[in-house]
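This report covers a helix pair and a pocket.

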Amino acid sequence: MIWKDYPNLRTRVDDAFLLRFLRARKFDYDRALQLLVNYYSCRKGWPEVFTNLRPSAIKPVLDSGFLTVLPHADADGRRIVCIRPGMMTFFLYVES
């Protein structure tokens, strides 16, 4: 499907790589293919995000308090990551 629909797309075709996209779209081949194409579009559009990104590059963001790990876990033992863009607050649960 990749080579038929996008003959100029240079992508990895090993099982481990393609399986990520298939799992993300519950093995719906058409949606997985679109996700793969979008992935490469993002890589092309924002090379600074995908090339040599190190924690030191985002240290000012982390130091600003934008992203915080709360001191206590939830009832299931998961760590809680708090993201605070402006006045809005979101909570994400991260498996420990």
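## Helix packing

The axes of α2 (residues 15-24) and α3 (residues 29-45) cross at roughly 120° and come within 8 Å. Axes are lines fitted to C-alpha atoms, for helices over the stretch in contact, with angles from 0 to 180 degrees between N-to-C directions. Helices are DSSP runs (H or I, at least four residues), numbered from the N terminus.

On the α2 side, F17, L18, F21, L22 and A24 meet Y29, A32, L35, L36, Y39 and Y40 of α3, contact being heavy atoms within 4.5 Å. These contact residues comprise 11 nonpolar, no polar and no charged.

## Largest pocket

The largest pocket holds about 200 Å³ of space. A pocket is an open set of points on a 1 Å grid over the protein atoms alone, where a 1.4 Å probe fits, with protein on both sides within 12 Å along at least five of seven lines; lining residues have an atom within 4 Å of a point.

Its lining includes M1, W3, V13, F21 and L33. α1 (2-5), α2 and α3 each give two or more residues to this lining, and α3 gives the most, with 4 residues.

## Basis

The model is predicted: local features need pLDDT of at least 70, side-chain atom pairs count only at pLDDT 80 or more, and totals for chains, interfaces and linings use all residues. Residues are numbered from 1 along each chain as its sequence is written, and side-chain values use heavy atoms, leaving out hydrogens and water.

Terms used
Nonpolar A, V, L, I, M, F, W, Y, C, P; charged D, E, K, R; others polar. Points joined across faces, edges and corners; volume = space filled by probe spheres on them.
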